[in-house]
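Let's take a walk through this model together, starting with a pair of strands and moving on to helices and loops. Keep the viewer open as you read.

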Amino acid sequence: MTKIIIYQVLPRLFGNTNRTRKFNGSYEENGCGKLNDFTPKALEKIKQLGTTHIWYTGVIEHALQTDYSHFGISKDFPEVVKGKAGSPYAIKDYYDINPDLAEDVPNRMQEFEALINRTQESGLKTIIDFVPNHLARQYNSDAKPKDTKEFGEADNTDTNFNANNNFYYLPTEPFSSPISGINEHEHYIEKPAKVTGNDCMSNKPTINDWYETIKLNYGVDIFNGNSKHFEPIPNTWERMLEILLFWANKKVDGFRCDMAEMVPVEFWHWVIPKVKDKYPHIIFIAEVYNPDLYRQFITHGGFDFLYDKVGVYDSLKAVMQGHAKPNSITKAWDSVTGIQQHMLFFLENHDEQRIASPFFAGDAKKGIPAMIVSGCMYTNPLMLYFGQELGEAGMDKEGFSGEDGRTTIFDYWGVEQYQNWVNDKKFDGGLLSDAAADLRAWHIHFINTIKNHEAITQGQLYDLMWYNEDNPSFDGDKIFAFLRYFKGKILLIVVNFSDEKLKCRVKIPAHAFFSMGMESKKYFKGIDLLGGENIISFPQEVAITNGAGLRLKPYSGRIYELS
């Protein structure tokens with residue numbers, strides 16, 4: 001078995017080597033990455049990280065401010081577009097590719113299909129976004145299949161809710177954007193106003209609402225206690241199944257489902273088996289932030305994996321920032337007992353702040369112990385956000401996105417650390433600092449070490465924190481330790497979240513040796529898989545009573561393979 005390693009990347013930013021980055025710049029001023037930038041060499045280097053899947057974020061056509069009307073694509077009003085480049089989650093045409101990403105705009109779908117083929121030929125699998133909860137206010141599909149109606153085309157707009165409507169309405173009320181138009185004679189007109197994507201039921205959403213989107217109606221009456229009307233099957237359900245099958249037929253290997261928890265779990269229970277019946281290899285990943293919903297979205301909804309944001313991510317972030325002790329990680333993983341294999345772990349994504357930013361940890365090295373924990377704790381998938389392996393800080397002030405420690409998803413921009421790695425499309429890291437190059441090399445070593453190790457991909461977890469609570473030679477305020485084991489293969493994993501060199505002794509209870517089937521073994525020897533010169537040896541009796549002795553560098557970890 002191989003551990004799933006997902007690499008999330010925004011094609012818009014990936015290959016952009018234009019270093020003239022103007023604040024709030026246009027497409028012409030700041031440039032834009034292309035699907036064709038993912039050359040065989042680029043994909044080879046991404047795979048070198050240990051990647052198994054690439055999540056191409058923002059490939060489906062969405063609202064933007066660049067004018068493509070000469071290609072037959074309708075213009076978008078700036079009043080309902082976030083940033084010059086727009087939000088990848090304000091879908092304008094579910095059946096088309098973002099024209100920004102094409103070198104030859106009329107052939108944008110062919111360029112995407114070629115990218116899928118190159119990705120597969122490189123030995124990688126493809127994930128794309130599926131955005132089911134909302135679409136762009138100016139949704140206008142010029143690529144929909146013949147005889148497919150536009151969303152809302154057959155709606156009854158005189159009522160708030162109708163189970164067969166695609167949208168929710170505020171009859172008699174016109175929509176008012178929190179953003180002023182750039183031309184006083186041209187304004188976006190929407191009457192009656194439709195409910196906004198984040199369930200804002202006002203015709204005047206604020207700047208903090210998802211004002212550029214419209215909420216889709218799955219047969220839940222949000223105006224009357226969220227009563228459900230699922231028989232007969234609502235029109236929106238049928239439309240979304242058609243869209244999923246459209247992209248599955250393009251040979252994608254998975255869907256990352258945006259804000260899946262805002263769509264009724266009954267829909268997922270209905271649609272996922274229908275897709276998998278025709279395309280059984282496809283994986284579904286849900287963005288779900290409410291832990292109370294985790295189990296029903298897995299067991300009833302049918303998702304393969306869920307974001308573990310409110311859990312391991314939040315716990316690791318708090319530890320890295322010094323707001324919590326490492327034993328809080330134990331509490332986080334304990335809360336998902338029984339479904340751990342379905343949780344997708346990550347330390348960065350497009351919504352979160354970069355580890356190296358002062359808003360998060362201020363130093364990319366602080367992510368190393370957290371990465372070891374995330375990658376080694378379970379059999380579940382691990383995700384990296386592009387530039388994470390380089391220590392990208394996300395501290396640019398790009399335009400719509402301010403200086404907030406995140407890499408923009410709304411602006412035309414170039415990510416400096418990534419530009420240094422791309423190095424004018426040589427993809428050799430020729431312009432990287434030594435620190436960035438070393439960090440990438442560490443990620444390559446670490447991920448490829450754990451990706452196929454049976455104790456990681458199939459083994460069990462044994463927490464060691466409880467047994468070391470009263471151990472004077474183990475600083476639980478700085479160290480986290482656990483075991484992974486499978487059929488006689490044992491890994492002792494110890495990380496140091498502090499900026500200090502530490503000596504420690506890790507005690508292993510007799511019960512652990514019994515659980516691993518190693519109670520009859522009297523002596524153990526281990527080599528650190530992350531640094532082969534580091535060896536430990538200890539009698540089982542000493543490990544139980546006094547602990548195995550080891551040294552830890554600042555912001556580091558050891559993975560000892562015991563024999």
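Strand 2 (residues 53–56) and strand 5 run in the parallel sense and pair over four bridges; two strands pair if DSSP finds at least two bridges between them. Helices (H or I, at least four residues) and strands (E, at least two) are DSSP runs, numbered from the N terminus. Before going further, please note that this is a predicted model, in which local features need pLDDT of at least 70 and side-chain atom pairs count only at pLDDT 80 or more, while totals for chains, interfaces and linings use all residues. Residues are numbered from 1 along each chain as its sequence is written, and side-chain values use heavy atoms, with hydrogens and water left out.

Back to the strands. I54 has T126 of strand 5 as its bridge partner. Strand 5 also pairs with strand 12 (residues 254–257), again in the parallel sense and over four bridges, and there F130 stands opposite C257 of strand 12. Strand 5 (residues 125–130) is largely enclosed by the rest of the structure, because five of its six residues are buried. Buried means under 20% relative accessible area, exposed over 50%, and partly exposed in between (1.4 Å probe, protein chains only).

Now for some helix packing. Helix 3 (residues 40–48) and helix 12 (residues 434–450) pack at an angle of about 65°, and their axes are 9 Å apart. Helix 3 is therefore roughly perpendicular to helix 12, a label for angles of 65 to 115 degrees (under 35 is roughly parallel, over 145 roughly antiparallel, and the rest oblique). On the helix 3 side, K45, I46 and Q48 make the contact, and on the helix 12 side R440, I444 and N448 do; contact means heavy atoms within 4.5 Å.

T407 sits in the loop between strand 16 (382–385) and helix 11 (416–422), and T407 is buried, with a relative accessible area of 7%. Leaving aside neighbours within four places in sequence, the contacts of T407 include L13, H350, Y385 and V415.

G547 lies in the loop between helix 15 (540–545) and strand 23 (548–552). How buried is G547? Its relative accessible area is 0%. Not counting residues up to four places away in sequence, G547 touches R505, V506, K507 and V542. The C-alpha atoms of G547 and I508 are separated by 6.6 Å, with the two residues 39 apart along the chain.

How values were computed: Axes fitted to C-alpha atoms, helices over the stretch in contact; angles between N-to-C directions.
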